[in-house]
Every structure is written in C-alpha cells, then in structure tokens.
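Please walk me through this structure in plain terms.

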Amino acid sequence: MDQINLKEIKAISYEKAEIKKGYTDHSLRINLDESDIIINPITEKIKDKFIGGKGYDLWMMWNAVSGDTKWNDPENAICISSGPLGGTPGYPGGGKSIVTSISPLTGIPIDSNVGGYFGPYKKFSGFDVIQIDGKAKQDCIIFIDGIENKIQIFEASNLPQDSYELSNVLTHHFDEKKPVNVSVVSAGPGAEHTYFGCLNFSWWDAGRKRVRYKQAGRGGIGTVFADKKVKAVVARFGAVSMKTNNPADLDALKLVTKAHAKEINELDPKQNRMALVGTTHLIPIMNDHECLPVHNFKFGSHPESFLIGEEAYEHIFDKGFDGCWRGCAVACAHGVKDFSPFTGPYRGQKVFVDGPEYETVAGCGSSLGIFDPQTILEINFYCDAYGMDTISVGTSIAFVMECFENNQITLEHTDGMDLSFGNRFNTLELIHQMARGKGFGVIVGKGIRNMKEIFAKDFGADMAFMQDIGMESKGLEFSEYITKESLAQQGGYGLALKGPQHDEAWLIFLDMVHNFMPSFEDKAEALHWFPMFRTWFGLCGLCKLPWNDIVPEDNKDNAEPAKVVKHVGWYADFFSAVTGKKTDADGLIAMSEAVYNFQRVFNLKMGYGTREHDTIPYRAMGPVTEEEYESRQELYDGQLKDKYSLDISGMDTKAKTAALRQKREEQYELLTDAVYERRGWTNNGIPTVATVKRLGIDFPEVLEVLKKSGVE
Amino acid sequence: MIKVDEKVVQWTKNLTIAQLLKTLDDVKFCSVVRLNGKLISSPKFKTTKIPDNSKIQLLPLVAGG
C-alpha cells in the first residue's frame, strides 16, 4: 500500500482534565459540519442522574436530535462513552465502550457494548464521552492524543478500504514505536452500503504483535459513521494502572478486583472454559435444548451442530491471552491465525480472524444451514473487515433463504443465485455484494423490515408469511436464540428498548428449564430486574460476562441464584471504591432504572416507544408452518391438551397450529400487560408521570414528550 | 468408580446421568454437565450412560448471552 495521505484541517491543544474518582467531568464534541472541536464540562446533576456510559450517551443524544431527526440527518450523533469504572485494569470485563446513535434500522436510539481499548484511552485522555455530529465534506480521521494533549481532524485519502487493514495501518501511523498506545475505531465498505454497519474497536495484542478488534455490532452505528464520512476515530494514551482512574479507595478497589479475578481464574476452567473456547460452549447446550436457530429459527437443533461448537473451535482457536481489556481474567476474545479465505479480496492470503463468538456461529452458521466451521470463519472475517454486524447479516440472509425456498423470491430476483439453506458460496457472494453495494446484496443490506416491503411490493411476495418468519422487531434483526418455549424470553426480546438483542434479558433457562417464574407476575418481575441490572454494566463501562457466566460454587445455595447475588455485591463494592459513593445492590438498580426509563421516553420522542412497537414475529412465539409444528408434534399436542384443555382428536395439523397460535399470542399480550404494570408504564407502554418523577427524570422536556402522547 | 466434581462416587453398570443426579444433593439447577470433557444437557440426561472411571463436572446455571 502507498503512503496514506492525512491533511490536518483542524487542531487544538487542550489541558487534560484530571481524572477524579473515575470521571473526567468533561465531554468532547466533534462537529463535522464546521470541523469544530468543543470541550464542555459535565455537571454534577447530570453525573448523578445519568452515571456515565450509556447514560451519558443518551443524554448527549437527546440534546443533539429532535423528534424528527433521521439516522442520516447531520444532527444525528454518534456518542461513545466508557463510564466511571471503565478502564480498571485487572477487573474482569473492565474496559468496555458503549456506543449510541439513531439507528438506520429502527429510527430510535441503539446502543452497543464493545471491548477494545478505545473507551478507556478516550477517558484517560480527558473525556468521559465524545459526541460526533454533522457531516464531513471529505473522508476524515479524528485523532485524540492523550499523550500530547492534542486533538486533530484530518482529511484523509489513499486509505485501505477495509477495517482489517485500516486498523493496522493507523495503529502504526499514530505510534510506530508503541502501537499498544493506540486504539482505532473504524468501519468499512459494508457500512457504507448496508443499514447494519458495525464499528470495529481495536487494541494491540502484544503477545501476537498484531492489531485485534471487537465489534460494536448492533443497529447500524457503522452506517451512521460512514455516512458522516468518518473513516476512523483514533485514541492514543500511555501506560495505564489502577491509579489512572484515580479511585476514591484504591485499597478497596484492589481487594474486590483481586477477589473477582481469583474466582474466575479458579472456576472458569471448571465451568464454561471461556478463556479457552469463548462462548462457543453455548452451541451444544442450545442445540440440546432446542434453542439453537436452525434454518431461520424454524428449528431448534440439528444433528450436525457438533461440527460448529466448542469441540471444533477449541482446536481452531489460536492459543494465547485473549482479553479485550488489560488483565481481564475471562479473556474470551479468541481468534484464528493464518486463516486463508477462499473467496473475496483476501482470497489465498493468510489473515487473522477475530472470532467467532456464539452469535456469529449460530447466525451465520446453523441459521443458514451451514455447519462448516471454516466457512463461518470466512463469513466472520469479511463481516468484520467490511464493517457489518454478523447478527443482522446472518438473520437477514436466513430470512432470504426461507423466502427463496418458499418461492417468495426466485432466481430472477437474486441475480441467479441459488439461496437455499446451506449454500456457502452464495452466502459469501451475497456478503461481498453487500460490501460492494452491488447486485441483490444491496437489497439484503437494507435489513429484514425493508426487505419485507421490497419483496411484497416489487416481487409479489406474501407479506403475511414474511411478517411471521421475518425475525425482526422494531426493525432490528433478532440475536440468535429460539424463544418458542420461553414466554419470558419472548418478552426479553419484544420488550427490549432497542429491539431484540439479548443483552437486556436472557431468561430462557430460568423460565423454560427451571420454571423459576411460573406466573405472569414472576415473569414481569424478572423482566424488570434483569434488564435493569444488565443496563448498569452499560452505565459503568463493563462487560456482563463476569457477573453470571462464571458463578460462585455456593451460588446454588442462595435464595436467588439467578441473580448471582455475591457478584452483585462485588459490583456495588467496585462502584463504591471507584466513585466514593457508597452503594448497594438496590442502589445499582436505581441507577439503571432512571436511565432505562429515559431511553423509553427517548423512543417515544422519536415517534416510537409504544405498545404497537413491542410486537414480535410469530416465529418467535411458536410454529408458523405445519412442518414446524410436526417437528415437535408431541410437545405441541401435549400443550394443547394439558395446558389449554383442548380436545384435539378431530383436528388436523393446520387446525392445531392455528389453535396453538391463538393461545400463544394471548399469552404474549398478557405478559406485556404485566411487564408494563411492573415497570410503572401505562397500558400503552409509556412511563407514567409518577414513574418519571419517582426516578427523578421529570425534566420539562421529558414531561412534554409524555404530554404529547396523552400522559400527564 | 467415577469422580463428580472431584468427589469419588460409586459406579454401577448402565448408570445414567439422570440416575446419578438423583443420588446427589443440591442439583436442582443442574441442566448441563461435562462428562469426560463433553457437554451433556438435561434433555439427554436420561439416555446418556456414564462409563466407569468417568470424570463429571456439574455446571452451574446457564446464563446465556
């Protein structure tokens, strides 16, 4: 590659804010319309209410956009924050960034939690949160140099097209001698041409001497990034220790960090072995419980799934430390070295693949009928390099394949490509087309909700069938779990603020296997507590995996084992030690509840956030087709007879499928009623005035949004 | 003899995982075990036989994504 060209168009030097108790108390705004670089203080009031991380992002965005703002309007902002606890070396999962924007897929705020060093480096450079708005006239790069205390905006040309090479080139460009000092946020050509572009957040892997990256995948933030003509945001910072975050009580921080890390080091090898296999252990477990999406979520298991689970990837992953933040004991960010793609621009070359994780294996493997770990690796590699979310890519292509096999679309529409389940070569070709912005891939890259409209309008496809099988809600593609037998998880997806992503609630086993929550009220309680606690990780800059993926050996003796109460206590201690604000388990929930409800009101501000937007496709509730019903006939027949007391002796499969559907749809509505009530929302899913007042988010502009919706 | 979480347990011919769990305390949340390194989930507990000299680890609650 020839030398990259960077032409400085704006630069400032700044006095770095001192970090106090996890906070810099300053934000950085980059306005690309005017190439403005603006540093503002963050008030105590905002800090108390929004905590940090996603809370700060949402507050900045709320003030940046109006209710009419679309994803590609200049005022739409991308906000990146870490949170007060983010950047604590050695604390498991202690280095996350939370990214938000108005999503091209949903039209409402999307948030994505991602590893890599950018979030901590940005904070230690003096900024709790950065906001990027406006649109650049030329491709640009933003450089935050926390060593030289300088911020620069460059016009950029002759850059590598994809994120894989761009991250590498910019890391060396900005600190040739110490690449560990650099973290790059970048997208790629897929982000330019699809609505589900992701952002790659890099770090320097000192052991392998190469750049690695993790993805802020969901909701198309990479697409917004590309639309603003930002090629990369780069942060540079030097040595980091526990003292860098200037915690209120360093000794207490050391104590809780040591305790949590020690437990993970001792128990992970006995439990999920995430330091060895990442999250691929979930493949055989989900398969055996009929929760692994196969053929667009039609089935929950497949006899060949063993080919793509931990037994395969344990031998494929490159051995070595794989923490996406310094000293993380979970260290689950595995990868594969010397992989040689058999298609695309890297065909025949040796590359490093960061991944795959469970979601990618399930979404781009089993859901597509692909049970070849090498093909999944290649899909993973190109999605990352092109800057595309593997979950939306996988779930969208699975939808296309089912439409193709049901003659809703034909070879005429797919440029002659056979898109039957299991077609590896055409799956990859579709991904290359998305990145090039050519062919049928352009349509697929618009996501399922848009595809349904296009297929119905232009290709004459059956909209009712596509509504049933198109695995999206709020416009976002489902992540990779079958929920047909877990009503609670149907709510976990449908009632999630940003759309069907499992990071708000993952209740399948508690509900389906252990029957912890038999009543609607039990499920509603779970759909209150778990989303609130999981939200807290995003406020503070943390990963949730150390909370409940490795659990204490005596956890089963606790009255509430699902909450992993011992760890919740450690997180309260962690927060208290860093910020100096003494808190407890209830205090953590209270922090989240305010931000959670604020985000719901934000959805309302954007024209959504009501009951009609909390629906899910019937495929998420039960069997759509007769084939699907008959695949688990014994189970479904039993439920109709025993649970619903129906006489099915004279019913054919079609009639039984319809009867089951009626019951399950009724159950979902009853669950929705119960959850809204528990959350303090109206029957239309809007927080009441009493709720926003109780949570202290009764700002005039919040009350005005509620009033416009008839809530006062 | 088999080892269950490092404890030695008597083995019997045709012993299944389901039968083994019935003899143990505090296993009501156990829906997945490792049998000689391989993950076995609860739907297969009744049909999975344990070979003699096996090593079994009881996994905690599955937390998912």
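Trp570(A) touches Tyr91(A), Val256(A), Ala259(A), His260(A) and Glu263(A), leaving out residues up to four places away in sequence; contact here means heavy atoms within 4.5 Å. Trp570(A) sits in helix α22 (residues 565-579) of chain A. Helices (H or I, at least four residues) and strands (E, at least two) are DSSP runs, numbered from the N terminus. With a relative accessible area of 13%, Trp570(A) is buried. Buried means under 20% relative accessible area, exposed means over 50%, and partly exposed is in between (1.4 Å probe, protein chains only). From the C-alpha atom of Trp570(A) to that of Thr360(A), 210 residues apart along the chain, the separation is 31 Å.

The model is predicted: local features need pLDDT of at least 70, side-chain atom pairs count only at pLDDT 80 or more, and totals for chains, interfaces and linings use all residues. Residues are numbered from 1 along each chain as its sequence is written, chains are lettered from A and ligands numbered from 1 in the order in which they are written, and side-chain values use heavy atoms, with hydrogens and water left out.

Apart from neighbours within four places in sequence, Thr171(A) is in contact with Pro179(A), Val182(A), Val184(A), Ser202(A), Trp204(A) and Val211(A).

A whole helix can be covered as well. Why is helix α18 (residues 487-494) of chain A described as largely enclosed by the rest of the structure? The reason is that eight of its eight residues are buried. Among them are Leu487(A), Gln490(A) and Tyr493(A). The cover over the buried residues of α18(A) includes β16 (472-473), α19 (508-513), α20 (520-540) and α26 (653-679) of chain A.

Next come the charged pairs. Side chains of opposite charge can pair when their charged atoms come close. A salt bridge is a side-chain nitrogen of Lys or Arg within 4 Å of a carboxyl oxygen of Asp or Glu. By this rule there are 51 salt bridges over all chains. One of them joins the side chains of Lys581(A) and Asp48(A) (2.9 Å, N to O). Lys581(A) lies in the loop between α22 and α23 (585-605) of chain A and Asp48(A) in helix α1 (residues 44-50) of chain A, so the pair ties together parts 533 residues apart in sequence. Lys581(A) is partly exposed, at 32% relative accessible area, and Asp48(A) is partly exposed at 45%.

Lys498(A) and Asp111(A) also meet in a salt bridge through their side chains (3.0 Å, N to O). Lys498(A) is in the loop between α18 and α19 of chain A and Asp111(A) in strand β6 (residues 109-114) of chain A, 387 residues apart. Are Lys498(A) and Asp111(A) buried or exposed? Both are buried.

A further salt bridge is formed by the side chains of Asp227(A) and Lys135(A) (2.9 Å, N to O). Asp227(A) is in helix α6 (residues 221-227) of chain A and Lys135(A) in the loop between β7 (129-133) and β8 (140-145) of chain A, so this pair ties together parts 92 residues apart in sequence. Asp227(A) is partly exposed at 26% relative accessibility, and Lys135(A) is partly exposed at 25%.
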